[in-house]
Amino acid sequence: MGTIHFEIDDYLKEQTVHRTVDLPIACYHTSIKENSNGYIPLHWHDELQLVVVTNGKVRFHVNNETVIVHEKNGVFINSGSLHMAESLPHLNSRYICLNVDPSFILPQELFATYVSPYIQATNLPYLYICADEAWGKNIIDCTLSIHRSIEEQPPYYEIDVTTKMMAIWKLLISNGLQLEYDQNKMMQNRRVKGMLQWIHNHYEESISLDDIAKAGQLSRSECCRYFKRMLKTSPLQYVTDYRIQKSLPLLQQPNATVTDVAYQVGFNSTSYFIARFRKVMNMTPLAYKKSKLNDFH
């Protein structure tokens, strides 16, 4: 398997089309370190996501919480939740990822009662799925079975996938949390997404803390608290990390120089770009460029 490029838009929404030819569902094996960033960057999507870790351990950041999922266990990530994933150090962690359109879970007549309240709840960004509990093991077994069915496509596999998805959902909602709807949490989520969208639209320009705070209609101190709580970083550090992320495909262009790329993504100093790149990627931009160019030959 080659390097995986993970595409998100300026609003952090993942651009991958999660469906088979016939079903609004996708299930695939992911090796975290084969992503071009070395981790799965922060993003969200409308689809519900089920993850089963098959190798190693994976640290997931979901909204303002962190959960480590061990091998043979899993996690449910709710629709619209900001999340990212990284392998624990010295592990090449892999997982099976099942993404499904919420409208596919149950017939339309049951959606309003048994699906909509759960995807709108503010206290359910994720749910840890433990293989040591009977309901958790059943969910994991169903997820692995769906993965096999989609890969092998035996006769009537669409029906098997549909029935197993309904079984998974019943297990999730009958073993999850009591539902809550906190308007403050909803507002926080919208403001964070709004500030991130603004950064993604303006990262090539000079950006100050005041600019970011204004985009979220917050004071400077509140802006910093939002980023620390939701993203575990500062606003300006996020800008730097995002610029480095955007520099990766540019560095892979044969004629691009490190200085050109530094200025294209918003750095006003080549030396500062090199220093920050080295800290994030554990190599210089030039070493990264040479490694990627060698991959093509």
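In which sense do strand β4 and strand β7 pair, and over how many bridges?

## A pair of strands

Please keep in mind that this is a predicted model. Strand β4 covers residues 57–62 and strand β7 covers residues 83–87. The two pair in the antiparallel sense, over 5 bridges. To find a spot where they meet, look for Phe-60: its bridge partner is Ala-85, in β7.

## The sheet around them

The strands β4 and β7 belong to an open sheet of 4 strands, with the order β2-β7-β4-β5 and antiparallel pairing. At its edges are β2 (40–43) and β5 (65–70), each of which pairs on one side only. Neighbouring strands of the sheet are turned against each other by 20° on average, with direction ignored.

How much space lies in the second largest pocket? The answer is about 570 Å³. This pocket is lined by 24 residues, and those closest to its centre are Asn-63, Ala-121, Thr-122, Met-186 and Asn-189.

The element that gives the most is α5, with 6 residues. Sorted by class, the lining of this second largest pocket holds 11 polar, 8 nonpolar and 5 charged residues.

How values were computed
Residues are numbered from 1 along each chain as its sequence is written. This is a predicted model: local features need pLDDT of at least 70, side-chain atom pairs count only at pLDDT 80 or more; totals for chains, interfaces and linings use all residues. Side-chain values use heavy atoms; hydrogens and water are left out. Two strands pair if DSSP finds at least two bridges between them. Axes are lines fitted to C-alpha atoms, for helices over the stretch in contact, and angles run from 0 to 180 degrees between N-to-C directions. On a 1 Å grid over the protein atoms alone, a cavity is a set of points where a 1.4 Å probe fits but cannot get out, and a pocket is an open set with protein on both sides within 12 Å along at least five of seven lines; lining residues have an atom within 4 Å of a point. Grid points are joined across faces, edges and corners, and a volume is the space filled by probe spheres set on the points. Ala, Val, Leu, Ile, Met, Phe, Trp, Tyr, Cys and Pro count as nonpolar, Asp, Glu, Lys and Arg as charged, and the others, Gly among them, as polar.
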